[in-house]
Amino acid sequence: MKLRQTAGLAVPLVVVPILLAACSSSSSSSASGPTTGATSPSSASSSAAAGLKTGMKVFVIPKNLGNNYFTTADSANSGGAIAALQTLGETGTETSGTAATPASQIPAIQAAISKGANALIVSATDPTALCPTLNAAMKRGITVVTYDSDAPGCRDLFINQASTAQIGTSEVDVLAKELNDTGDIAIVSAAASATNQNAWIGYMKQELKKYPKMKLVATVYGNDDPTTSTQVTQGLLQRYPNLKGIISPTTVGIAAAAAVLDNAKYRGKIALTGLGTPNSLKKYVSDGTIKEFVLWKPNDLGYLAGYAAVLAASGKVNGTQGQTFTAGKLGSFTVGADKTVLLGPPFVFTAANISQFNF
């Protein structure tokens, strides 16, 4: 989710509701919302009138199934990717594994290809390991769009939830404000190979140069698994008794870390921020364990990815920098460098606004 999510940051950003992600995959297949894109004749004819292909098979392949972030991003019920596909007269199916690993995700991609996919919408568990499979798909004329987490060498478009720089720097700025720019901090990340996590952390380290009295003492990996994330957070507290703050740029990690810190020993003494979803963190914001966290709106991310995949598969968007297109209810977008489309700025959730959101 997750943007240099920032509203109410030390450096204010434009406030646009948005959200983040975590991970996993295996060769099983499952539907998020309806798996077929039944649409009204008017919507199908509207797509045809716009010169878009209809009746295509589009597979949405998140890092893993059963993750609320991706369920929100993909589901027809939440207005995610499959909702966009249905609007455009396509058949949309969500499928993946149960672990956020290439070994788990690749079989799901291969199965989608064998089922006659016209387009794949993929949140990459690894920036390179998926490429042989995705490149093989592209050679067969299958459009590949990545979202949330990129595989730069093997896709037609990447739908980025927010500026990579903003996502990384905003989390540091939020924590610096809470710590008065001073103290030892640590990062609880997802998988060590996760493209988006590593990019965000890179910008976090750059932003920390603005705060010489804040020291990053450790980066640990919870692999977007609640149990592992809990264990590595507990390990940080034992190893660094003077720890003052934690950043967790993953929805699974920040929820696990919040549960560890949600007691009298740590609440109000160790600050926590990162990327999270409102529903999973409302309790911790209410009781003061978390003051602010950042994200974007995952259903809008998925919806944009769905729209872009259909446009690309129909030959209407080819990834040329500066090319513009409209994604239905979300409005107009411009293709940036390296065939990347940016959803928008990050958003900061606080006690003052969190009750307005339900995801």
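Two strands count as paired if DSSP finds at least two bridges between them; strands (E, at least two residues) and helices (H or I, at least four) are DSSP runs numbered from the N terminus. The model is predicted, so local features need pLDDT of at least 70 and side-chain atom pairs pLDDT 80 or more, while totals for chains, interfaces and linings use all residues. Residues are numbered from 1 along each chain as its sequence is written, and side-chain values use heavy atoms, without hydrogens and water.

**View 1. An open parallel sheet of 4 strands.** The strand order is β7-β6-β8-β9. β7 (214-221) and β9 (271-274) are the edge strands, each pairing on one side only.

**View 2. The pair β6 and β7.** β6 (residues 183-189) runs parallel to β7 over 7 bridges. Opposite aspartate 184 stands lysine 215 of β7.

**View 3. The largest pocket and its lining.** A pocket is an open set of points on a 1 Å grid over the protein atoms alone, where a 1.4 Å probe fits, with protein on both sides within 12 Å along at least five of seven lines; lining residues have an atom within 4 Å of a point. The lining includes Asn67, Tyr69, Pro226, Thr251 and Ser280. At least two lining residues come from each of α2 (68-74), α8 (226-239) and α9. Helix α9 gives the most, 4 residues.
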